[in-house]
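Visitor: I am new to this structure and would like a short tour. Could you show it to me first?

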Amino acid sequence: MPNPTSPAWLRRIDSPLGRLELTSDGKAITSLSIAKDGHLPFESTPEKSNRVLDRAARQLDEYFAGRRRSFSLALAARGTAFQHSIWDQLSALEWGEVTTYGELGLGTGRATAGRAVGGAIGANPIPIIVPCHRVLGSDGRVTGYSGGNGIPTKLWLLEHEGILLAA
(Lines give C-alpha, C1' and ligand atoms only; values in the text may rest on other atoms or scores of the structure.)
Protein backbone atom coordinates (compact mmCIF):
# COMPACT_ATOMS: atom_id res chain seq x y z
CA MET A 1 0.00 0.00 0.00
CA PRO A 2 1.47 3.42 -0.96
CA ASN A 3 2.45 5.87 1.74
CA PRO A 4 -0.43 8.43 1.99
CA THR A 5 2.11 11.26 2.23
CA SER A 6 3.89 10.14 -0.94
CA PRO A 7 3.54 12.54 -3.87
CA ALA A 8 1.34 11.62 -6.81
CA TRP A 9 4.14 12.50 -9.24
CA LEU A 10 7.84 11.96 -8.58
CA ARG A 11 11.03 12.03 -10.61
CA ARG A 12 14.68 11.67 -9.64
CA ILE A 13 17.65 12.97 -11.60
CA ASP A 14 21.40 12.94 -11.17
CA SER A 15 23.21 16.24 -10.74
CA PRO A 16 26.68 17.47 -9.79
CA LEU A 17 25.27 17.89 -6.26
CA GLY A 18 24.05 14.29 -6.08
CA ARG A 19 20.61 12.92 -6.76
CA LEU A 20 17.69 15.34 -6.90
CA GLU A 21 14.09 14.41 -6.24
CA LEU A 22 11.29 16.46 -7.79
CA THR A 23 7.61 16.21 -6.92
CA SER A 24 4.56 17.60 -8.66
CA ASP A 25 0.82 17.91 -8.16
CA GLY A 26 0.35 17.32 -11.90
CA LYS A 27 0.27 21.02 -12.76
CA ALA A 28 3.32 22.47 -10.99
CA ILE A 29 6.50 21.58 -9.13
CA THR A 30 5.78 21.16 -5.42
CA SER A 31 9.25 20.27 -4.13
CA LEU A 32 12.87 19.68 -5.02
CA SER A 33 15.11 17.78 -2.61
CA ILE A 34 18.88 17.42 -2.82
CA ALA A 35 20.22 14.12 -1.47
CA LYS A 36 21.64 14.47 2.03
CA ASP A 37 24.11 11.80 3.03
CA GLY A 38 22.90 9.86 -0.01
CA HIS A 39 19.23 9.86 1.00
CA LEU A 40 16.09 11.48 -0.42
CA PRO A 41 12.71 11.97 1.29
CA PHE A 42 10.73 9.60 -0.93
CA GLU A 43 13.49 7.23 -2.03
CA SER A 44 11.30 4.17 -1.35
CA THR A 45 8.50 5.55 -3.55
CA PRO A 46 8.54 4.46 -7.19
CA GLU A 47 9.03 7.19 -9.77
CA LYS A 48 6.01 8.35 -11.73
CA SER A 49 6.87 11.28 -13.98
CA ASN A 50 4.72 13.69 -15.93
CA ARG A 51 5.27 16.59 -18.37
CA VAL A 52 5.83 19.09 -15.55
CA LEU A 53 8.59 16.95 -14.02
CA ASP A 54 10.13 16.15 -17.40
CA ARG A 55 10.33 19.87 -18.21
CA ALA A 56 11.88 20.62 -14.82
CA ALA A 57 14.43 17.83 -15.30
CA ARG A 58 15.43 19.26 -18.70
CA GLN A 59 15.79 22.78 -17.29
CA LEU A 60 17.84 21.55 -14.33
CA ASP A 61 20.14 19.61 -16.68
CA GLU A 62 20.60 22.81 -18.72
CA TYR A 63 21.27 24.81 -15.53
CA PHE A 64 23.95 22.39 -14.34
CA ALA A 65 25.50 22.36 -17.83
CA GLY A 66 25.71 26.18 -17.71
CA ARG A 67 23.22 26.66 -20.55
CA ARG A 68 20.32 28.00 -18.45
CA ARG A 69 20.34 31.00 -16.12
CA SER A 70 16.68 31.12 -15.12
CA PHE A 71 13.81 28.68 -14.84
CA SER A 72 10.44 28.82 -16.52
CA LEU A 73 8.33 26.41 -14.49
CA ALA A 74 5.00 26.46 -12.71
CA LEU A 75 5.59 26.26 -8.96
CA ALA A 76 3.18 25.39 -6.16
CA ALA A 77 5.06 25.67 -2.89
CA ARG A 78 3.07 25.36 0.31
CA GLY A 79 3.80 28.02 2.88
CA THR A 80 2.57 31.04 4.79
CA ALA A 81 2.01 34.45 3.22
CA PHE A 82 5.29 35.63 4.79
CA GLN A 83 7.21 32.64 3.40
CA HIS A 84 5.76 33.30 -0.05
CA SER A 85 6.81 36.96 0.16
CA ILE A 86 10.39 35.81 0.78
CA TRP A 87 10.29 33.12 -1.91
CA ASP A 88 8.89 35.63 -4.42
CA GLN A 89 11.83 37.97 -3.73
CA LEU A 90 14.26 35.07 -4.16
CA SER A 91 12.63 34.10 -7.46
CA ALA A 92 13.16 37.66 -8.73
CA LEU A 93 16.95 37.41 -8.27
CA GLU A 94 18.92 37.11 -11.48
CA TRP A 95 21.71 34.59 -12.17
CA GLY A 96 24.76 35.60 -10.16
CA GLU A 97 22.87 38.17 -8.07
CA VAL A 98 22.88 37.89 -4.28
CA THR A 99 20.90 39.43 -1.46
CA THR A 100 21.02 39.45 2.32
CA TYR A 101 18.61 38.46 5.07
CA GLY A 102 18.21 42.15 5.94
CA GLU A 103 17.38 43.14 2.37
CA LEU A 104 14.76 40.40 2.21
CA GLY A 105 13.28 41.61 5.50
CA LEU A 106 13.14 45.16 4.16
CA GLY A 107 11.37 43.84 1.08
CA THR A 108 8.56 42.56 3.29
CA GLY A 109 8.37 45.73 5.35
CA ARG A 110 9.85 43.91 8.33
CA ALA A 111 13.43 45.15 8.49
CA THR A 112 14.12 43.47 11.83
CA ALA A 113 12.65 40.09 10.92
CA GLY A 114 16.00 38.38 10.33
CA ARG A 115 15.09 35.23 12.23
CA ALA A 116 11.74 34.93 10.41
CA VAL A 117 13.47 35.54 7.07
CA GLY A 118 15.98 32.80 7.87
CA GLY A 119 13.14 30.46 8.78
CA ALA A 120 11.34 31.19 5.51
CA ILE A 121 14.52 30.59 3.52
CA GLY A 122 15.16 27.32 5.35
CA ALA A 123 11.58 26.22 4.65
CA ASN A 124 11.90 26.80 0.89
CA PRO A 125 10.63 23.52 -0.60
CA ILE A 126 12.01 24.22 -4.09
CA PRO A 127 15.71 25.15 -3.72
CA ILE A 128 17.83 25.90 -6.79
CA ILE A 129 14.72 26.84 -8.78
CA VAL A 130 13.77 29.29 -6.00
CA PRO A 131 17.39 30.32 -5.42
CA CYS A 132 17.76 30.49 -1.64
CA HIS A 133 21.49 29.78 -2.12
CA ARG A 134 21.84 33.41 -3.26
CA VAL A 135 21.31 34.76 0.28
CA LEU A 136 24.42 35.89 2.17
CA GLY A 137 25.01 37.45 5.55
CA SER A 138 25.09 41.25 5.75
CA ASP A 139 28.91 41.11 5.71
CA GLY A 140 28.95 38.95 2.54
CA ARG A 141 29.67 35.72 4.43
CA VAL A 142 28.15 32.44 3.38
CA THR A 143 25.71 31.39 6.06
CA GLY A 144 23.68 28.21 6.55
CA TYR A 145 22.02 26.15 3.87
CA SER A 146 19.50 23.39 4.50
CA GLY A 147 19.74 21.70 1.10
CA GLY A 148 21.91 18.69 0.37
CA ASN A 149 25.08 18.72 2.45
CA GLY A 150 24.63 22.28 3.70
CA ILE A 151 27.31 24.94 3.17
CA PRO A 152 29.37 22.87 0.65
CA THR A 153 26.22 22.56 -1.50
CA LYS A 154 25.59 26.30 -1.24
CA LEU A 155 29.22 27.08 -2.11
CA TRP A 156 29.03 24.83 -5.18
CA LEU A 157 25.88 26.62 -6.41
CA LEU A 158 27.38 30.07 -5.83
CA GLU A 159 30.59 29.13 -7.63
CA HIS A 160 28.58 27.57 -10.49
CA GLU A 161 26.84 30.93 -10.95
CA GLY A 162 30.14 32.81 -10.88
CA ILE A 163 29.44 34.51 -7.58
CA LEU A 164 32.81 35.49 -6.14
CA LEU A 165 32.98 35.58 -2.40
CA ALA A 166 35.32 37.65 -0.28
CA ALA A 167 38.11 35.60 1.24
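**The annotated site and its surroundings**

Guide: The UniProt annotation "active site", from an unreviewed entry, covers Cys 132. UniProt positions follow the numbering used here, feature names are shortened, and annotations may be inferred rather than shown by experiment. This is a predicted model, in which local features need pLDDT of at least 70 and side-chain atom pairs count only at pLDDT 80 or more, while totals for chains, interfaces and linings use all residues. Residues are numbered from 1 along each chain as its sequence is written, and side-chain values use heavy atoms, with hydrogens and water left out.

Visitor: Where does Cys 132 lie?

Guide: Cys 132 sits in the loop between helix H4 (114–122) and strand S5 (135–136). Helices (H or I, at least four residues) and strands (E, at least two) are DSSP runs, numbered from the N terminus.

Visitor: Is Cys 132 buried or exposed?

Guide: Cys 132 is buried, with a relative accessible area of 5%. Buried means under 20% relative accessible area, exposed over 50%, and partly exposed in between (1.4 Å probe, protein chains only).

Visitor: Which residues does Cys 132 touch?

Guide: Not counting residues up to four places away in sequence, Cys 132 touches Leu 90, Ile 121, Asn 124, Pro 127 and Tyr 145. Contact means heavy atoms within 4.5 Å.

Visitor: Turning to helix H2, which of its residues are buried?

Guide: In helix H2 (residues 81–91), Phe 82, Gln 83, Ile 86, Trp 87 and Leu 90 are buried. Seen down the axis of H2, these buried residues fall within an arc of 135 degrees, so they line one face of the helix. The arc is that of the directions from the helix axis to the C-beta atoms. On the other side of H2, Ala 81 and Asp 88 are exposed.

Visitor: And what covers the buried residues of H2?

Guide: The cover includes helix H3 (101–107), H4 and S5.

Visitor: New topic: how many salt bridges does the structure hold?

Guide: The structure holds seven salt bridges, each a side-chain nitrogen of Lys or Arg within 4 Å of a carboxyl oxygen of Asp or Glu. One of them joins Arg 11 and Asp 54, whose closest N and O atoms are 2.6 Å apart. Arg 11 lies in strand S1 (residues 9–15) and Asp 54 in helix H1 (residues 51–64), so the pair ties together parts that are 43 residues apart in sequence.

Visitor: What about Arg 134 and Glu 161?

Guide: Their side chains meet in a salt bridge (2.7 Å, N to O). Both Arg 134 and Glu 161 are buried.
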